[in-house]
Amino acid sequence: MITRTVNDKPDEADYLEGRLTAEMIDPAGLYNGSSHAIWLNRIFAKLRRIWDVKPDQFYFNFPGYSGSFFFDVDFVPRLTKADSNLKIEIMGSDPDNKIRFRQSQEFRLITPEGIKYYFGGATATETTFVGTRMDNPYVPTAYYLTRIDHPESGTIMLEYDSDSVNKTIRMDQVESLTVKVYEFDTSTRDCVRPPTVEQDHTTTVNNTITANGKTLTKIKGAGSEITFNSTNGSSLHYRKVLNSIEIKQGATVVNTINLTYLFPGLPTFSERFFLTKVEFNKNNNYGHGRKYEQYTMEYDDPLALPTRTSSARDALGYYNGKTFNSTALPQNNDLYFHNYYPNLADRSSDFASAVKGALKKIIYPTGGYSEFEYEMEKSKDYVTDGLTMDIWRNNTARNPVNKTSVNGAITGDLYQNPDGTFGFTGAFENQTIKGIINVLSTSQMGHTDVIVLKISDLSANTIQEITFRMPDGNQEIGTGRYDFSKEFTFDIVKDHQYAFQLYNNYQLSTTQFDAQLYFTYRKGTKLIDDGKLRVKRTTDYTAASEQAFVKRYYYTSMEDYFKNPLDLVTFKKNHEYITDWQLTKCCNGGGEAPLEQKQQFEINFRTFSSNPLTPISELERNYEHVLISYGGDNFELGGKYKRFNNSVLGINQDIWPIHQSVFQQERASYKGNAGDIYQGTLLEEIDLTKRGSILYKVRQKNWQYRYEDQANITGVIGGYAYFNCLFKQSGITNFDLRKYQLLSRKVQLVKEKAYDFTTPVLYTVNPDNTQDAYLSTTTDYWYDGLIGLPTMIVTTTSEDGMVSRVHYTYADQTNLVPDATPAQIAALNKLVELNKVSEPITVRTFYGLANGIPPLTGTKITYYKSWNNNPNRILPELVRFSKGSGALEDRILIEKYDAYGNMVQVRLKDGAPTYYQYNSRNQVTLTIENYAPADPVDGNEEVTLPEPIPGGPCTISQTFPGSIVTYYYYDATTFLLTRTLDTNCRNTYYEYDSLMRLKRIKDHDGNTIEEYDNNYRTN
């Protein structure tokens, strides 16, 4: 399937204006009043709906290949990570790629083997989007595989059912709350103010809607048919449930697969389901070969999971067991939101809850099973405390009516001295503490009517005072209130103890006020669950009580493995739930005409959300190191270390930034695709053994890659942030603009180095500094025009100083193929056109000392032509060899192919042909060595041989005197070889175990010739 993320507008949308890239926003023109600023205002403020400012991204996954691509400025599909010669084509006939894609909505991906995969088209696309029908991009977001064309072996077709109505799936529920932090009083001015909504607690249910949803129903090809039987799923939770798969060969059912699920409720009303059993051939026993098989899955208490929109979840969405959460807005230390509700949610992680529903066990048909154990990442977190201080005056609703002084303290934890006395630890660390005071008043408080916070450092015997004075003209228009808030900061010193007093000593006023002061401080650290689930241990058993093999996973380097885990734990991730942002209003200055609103004033807001500002994909950690212990937790049977590329390369760059705009979420979400190119690439692998308590290296392997830019396109983040009062039509300071980049890079392996240590060396040893401790093999790769296909591989060994060089020529290098005829050159050009280029045409091997170009040891050249009157069926006709620098000689001549590209008749130069015959699955059913054909020219004839009758005379040798004839027989269900029959009508039998592994070979008389026993290596 190919899936698509539509960013902004669809790339191919039929808009007059088209796509806007960052390069079109000229930095030289970014100033107020410029013609360029007028153009940008026109785009972002007036015509935003008809411009596409972000390129779409496409993701594909099919056997052997996965990755992503995008359309460059010329609408050419560009692979993000081009590590193979995979071709992506837009189907259709229009010369303009954009129009062609808009018309066809179909892709063809061609592998370097020339296999063509077709995705999408009129009957195999669906559209999935988040939101309501108003958010429908009206273009496909999924392109289903419809056809596979093998250059020789035929075609496979896939069929789908389409939903007749849109299907809605509930994804998550987001709560948010916005407050106004500040707005300058403009009651005496004429102003234009943007509409805003403050104090509203909104709940948004995010749904994905799928239009024309597709469900795979059949796969057809080569006389076989696979049928997928599905039923409708649960409204709002899942579209379909796959119940069974039926495989037919012709009209005969040869295999059935039944799937059983655990549904917490009825299948059509459950919120989730779990696969619990997979059964092969449940209702059939075919007498030999594959019999009934059952795989069973067990999960960790799956029925304990809450509803999918439950507020009992941590920051990453894992269930955290806090079922008492009545809102998803998290507990916090923000000065405005820390006590906005008395029931803010506990969003901390809890491993015991997060693991609910995880796969715990797989039981195999043999009775053996595998168990899976998990863990959650750990972090350190601060233990915080808060101090709230309330005073009031002339409030008859409170008892007492006046309380104008209150005390508090930071003393630390109580401890006992060796002499039995007690003391306090004081402050945990040096801190700058930020606090807020909120004052509610019924009238203006005078300049001397102030509130004071007195901070006494009891350890240093010093005093600091912070005075809070009501601003002049503080009345809030329309309410009669004189409320105000002030934020403040002060410092505390580690180990010092502090006393606080909040007071108001003004005794002459009848003004009523209520004041509350609040701040938080850190008082220690703790270890917490924090992050995603990961596999901790897998254990394989050959039977219910026999432990066979254990793997324990550590997500750390070898050096860190020996350190105290607590020393490696970092502080918890900072999930930002609160965003500060601003708008502006335009006002006159009092003397201008009423409509000349040229003065600009900020309105500051703060939004509190139940979802982190940073996308979940950014919060989840990718692992650079994976250390695997075999046999137990302590490398009882050795282990393996792997290091991956974990570069953080997602970036966006300023064009014209405003850091407190409404586009902060967008800025956090779009950082380009560089991570898709680099992250996850294996760079190092080490085999380990343990001696005593120390790890030693046995073998080490390193890989190096070269990255080359091929193409790129930029996207634009942000847009029109707020009014520019002086330059309404030509402002630029009202924009928040950034850019990000989608890259296409060629990625090719250039060096592979393996170290085999003669004696295991300490895990910390750099092998390049101890060259006498190992034998090394270094392999270097060179490339030319075809991605991922090396034109030279040089292998050097340290043991003997010898070097092997292998030079490859491919179909795109016809000038390097000697003695090729025009027809053979045309065949090579056709291979390039078909992208059937993975096989080298010439192979030249050199071997000798490494201090120069070693001598040529041999050459192999394969010549191609078109066969069976099919210009697209390009197959080898001749293979030539030479030894050393000698002349090339014809060696192998292929004289016939069948309709599926199988060699039917082949012979060595001056030798007798060998004839091959195949079944519908391209399996050899007959070979005749020393075959004397009646017609040696290209054709599709089959040789008809009489099937020997058991007990009857053997006439095979009479039919083809001097030939060696072999029949091959296969099981109709498993397609495994079960019997061969030779020229003398003698049988050889092949038997398999329940896992389809070769178990026994018997001769014609039933005697065992060979026998195999397979098992796990036990601990």
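## Disulfides

A disulfide here is a pair of cysteine sulfur atoms within 2.5 Å. The model is predicted: local features need pLDDT of at least 70, side-chain atom pairs count only at pLDDT 80 or more, and totals for chains, interfaces and linings use all residues. Residues are numbered from 1 along each chain as its sequence is written, and side-chain values use heavy atoms, without hydrogens and water.

The whole structure holds three disulfides. Counted along the chain, the bonded cysteines follow the pattern 1-3, 2-4, 5-6.

Helices (H or I, at least four residues) and strands (E, at least two) are DSSP runs, numbered from the N terminus. Cys 191 and Cys 587 bond with sulfur atoms 2.0 Å apart. The S-S torsion is about 110°, so this disulfide is right-handed. Cys 191 lies in S16 (residues 191-192) and Cys 587 in S36 (residues 578-587), so the pair ties together parts 396 residues apart in sequence.

Buried means under 20% relative accessible area, exposed over 50%, partly exposed in between (1.4 Å probe, protein chains only). Cys 587 is buried at 0%; Cys 191 is partly exposed at 24%.

Cys 586 and Cys 725 also form a disulfide. Its torsion is about -85°, so it is left-handed. Cys 586 lies in S36, and Cys 725 in the loop between S42 (694-720) and S43 (735-762). Cys 586 is buried at 2%, and Cys 725 is buried at 3%.

## The Cys 954 link

Cys 954 joins Cys 985, S to S 2.1 Å. At 85° about the S-S bond, the link is right-handed. Cys 954 is partly exposed at 26%. Cys 985 is buried at 17%.
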